[in-house]
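Open the model in your viewer and keep the selection tool at hand. Here is a short tour, stop by stop.

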Amino acid sequence: MNRPKLIRREDLEGYAFIAPWLIGFLLLTAGPMLASVLISFTSWSMLSPPTWVGLKNYEVILSDDPLVPTSLWNTAYYVLFSVPLGLLLSLALAMLLDRRLRGMSVFRTLFFLPSITNMVAVSVLWIWIFNPEYGLINAALEKVGIVGPMWLQSETWSKPALVIMSLWGIGGTMIIFLAALQGIPDELYEAADLDGASSWRRFFHITLPMISPAMFFNLVIGIIGSFQVFTQAFVMTGSVQPGSEGGPNNSTLFFVLYLYKKAFQEFRMGYASALAWVLFLVILFFTIIQMKLSKRWVFYEAGESR
Amino acid sequence: MTNRAAALLAFCLIGAGCGGKTNDGAGEIVYNSSANAVEIQALQSELPEFARESGVSVKLNPFSGQEKLYAMIAAGQAPDIFYTNAAVRDRLAAEGHLLDLRDVSSGDPFLDRLWPQVVEDGRSVDGGLYSMGNWSFTAGVYYNKDLFDVAGVSYPDTTWTWNDMVGAAEALTKDADRDGKPEQYGLFIPSHFIEVFEQMNRTPIRKNALYVSIPDESAEVYRKYLDLMDKGIMPDLLTVQAMGMQAVQMLAGGKVAMLVEAVPNQGLIEALQIRWGVAPIPRFGQKPPSYFRSGSGGLSISARTADPESAWKALKWIIAGASIYQPNPVLRDADFVGGWEERYPQLKDSGFRDVWNLSLEHNGGDLRSFVRYSSWTSARILSLLQPEFDQLWAGRITVDQLRSQIPSINEQVERELRNDVTRRHWKPEFRDAVEAQLARLPQ
Amino acid sequence: MNQRAGLSRLKAIGRFVGWYGVLIALGIVFAIPFLWMFSVSLHDLAGVFADPFRWVPEELRWSNYVDAVSLLPFGRYLTNTVVITVCVLIGTVLSSSLVAYGFSRLRFRGRDKLFALCIATMMLPGQVTMIPLYIGFSKLGWVDTFLPLIVPAFFGSPFYIFLLRQFFLTIPREYDEAARLDGAGKLRIYWSIILPLSRPALATVALFAFLGTWNDFFNPLIYLNSPENATLTLGLNMMKSQVMGTGVTQWHLLMAASLLVMIPNIVLFFVAQKHFMKGIQVGGLKG
């Protein structure tokens with residue numbers, strides 16, 4: 001008789017703590033999400049009442065829209081490169097900045113600068129950097145005797161260009177790693193030094209396990225975020241004509257860019273909502289895999305969290 | 001600690017409460033504008049006087065965007081006046097969100113002050129008048145006079161032809177080290193200006209068409225355009241992403257001798273510190289000229305406005321009263337060229353007056369009536385057609401291969417449009433007009 | 001012996017130079033967008049379009065900064081932005097840390113499912129929930145007020161909840177147990193043990209919340225209407241838009257204003273970093 005009562009008290013306490021989110025979810029998030037599910041079963045221009053079409057949108061997505069596989073592939077490519085490269089680079093930078101050298105606060109600020117620079121304001125700069133003839137990158141490549149590619153104008157190189165651009169903005173990820181690195185007690189390293197452990201050993205046996213919760217966070221967030229990549233492609237690709245975003249030849253037509261164009265340029269919010277839920281399922285699938293795998297490599301000081 | 005937290009919370013509550021001026025409606029016309037800082041300051045300073053004279057108070061909402069407009073409409077809070085381009089206008093009109101301006105403007109002498117084309121451009125397929133052009137411009141060839149002098153090429157005249165332009169461009173291209181990468185190119189035509197040449201070559205323009213077609217006149221222009229790149233007198237479209245800034249940069253920096261751009265282009269005028277002139281778009285042989293002339297859309301009034309009369313008064317004031325937009329080129333009675341020459345003295349011997357007057361004399365109309373930019377299928381057509389154009393400019397397909405894609409694009413557009421006709425809540429006039437056209441697929 | 005000492009000293013110097021070499025090279029690469037903005041902000045409009053672009057203009061036009069600021073009532077916009085940002089900052093840190101504490105250190109039925117739900121809400125692109133959300137806020141009469149921008153922060157944000165949860169999980173349970181034996185309740189453990197131990201993580205969240213709100217463009221654009229309610233980013237955008245579709249942006253003024261808007265970010269980052277740097281330990285074996 002005592003046990004269930006105790007559990008109930010714990011439950012109540014738990015719900016009380018998560019109440020802000022729970023209430024917010026019910027009031028602000030659940031409604032619009034539910035609405036978008038319903039909208040995905042309709043034909044809706046946003047301008048008049050929707051018409052119910054059942055599973056029609058999903059049928060078209062799965063069988064009859066060649067741009068769905070194209071945009072999925074573009075997105076997968078972007079995720080596949082920007083997430084691992086971003087994680088590696090930001091961890092490397094964080095470890096570099098973790099050293100106690102003079103002037104580190106300046107370097108930390110420098111590395112973080114692109115993350116606080118207004119994306120839209122500097123899009124012109126990026127287009128210039130990637131300009132095949134006058135741009136900074138190809139000028140640098142020419143110095144070492146390489147003829148640079150067409151970057152944003154090339155079907156092959158437009159996605160790598162956007163990946164390279166994303167690497168500039170890893171400041172946030174870097175900061176999270178830095179905060180995690182700072183949390184590793186010196187005693188652990190001192191003990192390892194006494195054992196005469198090599199730097200690689202120290203990295204794999206102390207650093208990596210100790211920052212694994214932060215690594216897990218950055219990985220999951222990185223995947224969720226890159227699957228939804230939008231702004232860069234929206235402002236950087238295509239010409240001044242609306243509708244040309246995602247070029248050349250749809251090589252930077254990412255999934256969310258595609259659904260944006262469907263919704264706001266073609267007035268097909270129903271179809272766009274269905275696309276969004278397909279993407280939701282894709283991201284969910286990869287996140288669940290992450291969660292399952294994480295039990296093997298993420299180490300929590302507080303013990304198994306269940 | 002707790003006290004401090006309480007104080008902070010109090011701050012938040014106060015903060016959240018402020019900025020709370022909501023629109024209380026009565027007699028106030030809300031104008032959603034994407035105006036920039038200078039325009040907003042100018043408009044704000046004149047609105048009180050307009051209110052005194054007309055009894056109409058206008059509230060300016062300078063933060064606008066397409067997504068926001070649709071959200072406001074979906075929430076039943078459409079602003080009274082807002083900007084629409086042709087594609088958006090047709091959609092909104094079909095679903096009953098726009099006031100037919102014929103209701104408020106019939107018998108109004110104001111319509112006679114506008115160039116007829118401006119009024120015509122505001123009509124949709126049902127014959128209704130759903131927007132009023134608030135600006136207009138043409139296109140021209142800006143050229144660097146110093147580079148022309150050095151090369152000993154005479155400046156273009158008002159009757160020059162495509163071949164004259166190519167000849168000049170050849171003489172103006174300089175590749176001293178002969179590496180195939182000229183230091184100076186004769187010409188640059190951004191790809192989004194190619195329609196201007198199609199129009200000059202007398203490509204038939206079908207207003208409010210639902211389908212795309214690439215007639216022989218257009219195909220000829222594409223071939224000539226590709227030829228410019230093959231000859232090396234125009235930088236490869238691929239090497240230059242013709243985003244506004246970079247195209248202007250090339251002309252300003254002497255990288256190209258001629259550049260096709262909008263006339264007038266205020267930013268270009270302000271940025272150029274070279275000696276420059278502007279010539280009309282060259283003609284094609286003996287064909288009578290047809291100059292591009294366009295508004296960039298227009299102002300529409302919401303069908304839900306509480307006070308259509310006041311909204312119409314405010315709309316007229318924005319176009320013809322607000323001093324920042326005067327002299328407005330949509331008005332027949334305004335001395336547009338004179339006004340701009342006064343504002344920018346460098347225009348005086350630039351050829352601007354000739355370019356402008358020619359575009360009035362041989363007005364080829366608004367390219368936005370061209371299917372790629374108008375009507376409710378344009379977004380879909382563009383998204384299907386643009387990848388093909390990308391490949392054409394990259395030299396991967398030929399003009400004929402591009403043309404062979406057109407039927408399948410039109411079929412797809414037709415299929416989707418048929419769905420819309422049955423599923424969307426369109427006004428009957430629009431449904432009938434679209435259905436009538438659906439049957440007529442071009443060959 | 002002496003030689004060897006000299007050699008290792010040489011090695012140390014070499015390594016020292018090496019680290020700084022790497023740091024400076026990377027620093028330049030990462031600072032390029034910023035340096036470019038700074039350079040453009042000191043040109044005149046024609047200089048912006050010059051080819052080749054001169055990184056150091058012949059004449060440094062500091063007056064651009066004065067011109068940029070006098071173009072719009074930036075003082076008003078600054079006040080609005082500060083009010084919104086501070087409110088969001090407080091709301092985010094308070095509520096997200098509470099929720100994260102619940103998800104990381106309490107056991108209750110359905111916890112993991114609810115946490116998964118919390119993460120899942122991030123997976124749906126905002127483009128399709130934007131209109132329903134807008135309709136909701138407009139039904140509440142909150143459009144053209146700061147409420148749609150501020151109030152959601154007080155319900156916690158999944159991103160920060162997840163981040164803080166990860167950090168809270170690195171704090172050993174013994175701390176809670178010890179405090180519990182001392183008779184402390186859950187709220188007390190949260191307030192006087194978890195929060196102080198998580199200062200680097202909280203500082204990170206506060207920083208992100210500040211930057212995210214300060215630089216947010218889309219939400220203010222959607223929800224604010226009156227010019228007097230504008231935030232700094234909306235002000236910047238008004239400098240960008242063009243006169244009747246034919247203007248070219250006044251890049252030099254835009255960049256000057258953008259840099260001024262960025263400065264608080266940089267200063268804040270520079271100052272805040274000491275809070276997530278050494279001296280404060282997260283959940284170490286210390287103590």
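**Start with chain A**

Select chain A: there are 13 helices and two strands here. Helices (H or I, at least four residues) and strands (E, at least two) are DSSP runs, numbered from the N terminus. This is a predicted model, where local features need pLDDT of at least 70 and side-chain atom pairs count only at pLDDT 80 or more, while totals for chains, interfaces and linings use all residues. Residues are numbered from 1 along each chain as its sequence is written, chains are lettered from A and ligands numbered from 1 in written order, and side-chain values use heavy atoms, without hydrogens or water.

Zoom out. The C-alpha atoms of chain A fill a box of roughly 75 × 65 × 30 Å along the principal axes. Of its 306 residues, 59% are buried (under 20% relative accessible area, 1.4 Å probe, protein chains only).

**Next, a helix pair**

Select residues 67-97 and 199-227 of chain A, helices α3 and α10. Their axes (lines fitted to C-alpha atoms over the stretch in contact, angles from 0 to 180 degrees between N-to-C directions) come within 10 Å and cross at roughly 145 degrees. Now show side chains. Contact (heavy atoms within 4.5 Å) involves residues including A:Y78 and A:L87 of α3(A), and A:I211 and A:M215 of α10(A).

**Last, chain C**

Colour residues 2-65 of chain C as domain 1 and 72-275 as domain 2. These bounds come from an automatic or database domain assignment. The domain centres, taken over C-alpha atoms, are 32 Å apart. Their contact takes 13 residues from domain 1 of chain C and 13 residues from domain 2 of chain C.

Conventions. Buried means under 20% relative accessible area, exposed over 50%, partly exposed in between (1.4 Å probe, protein chains only).
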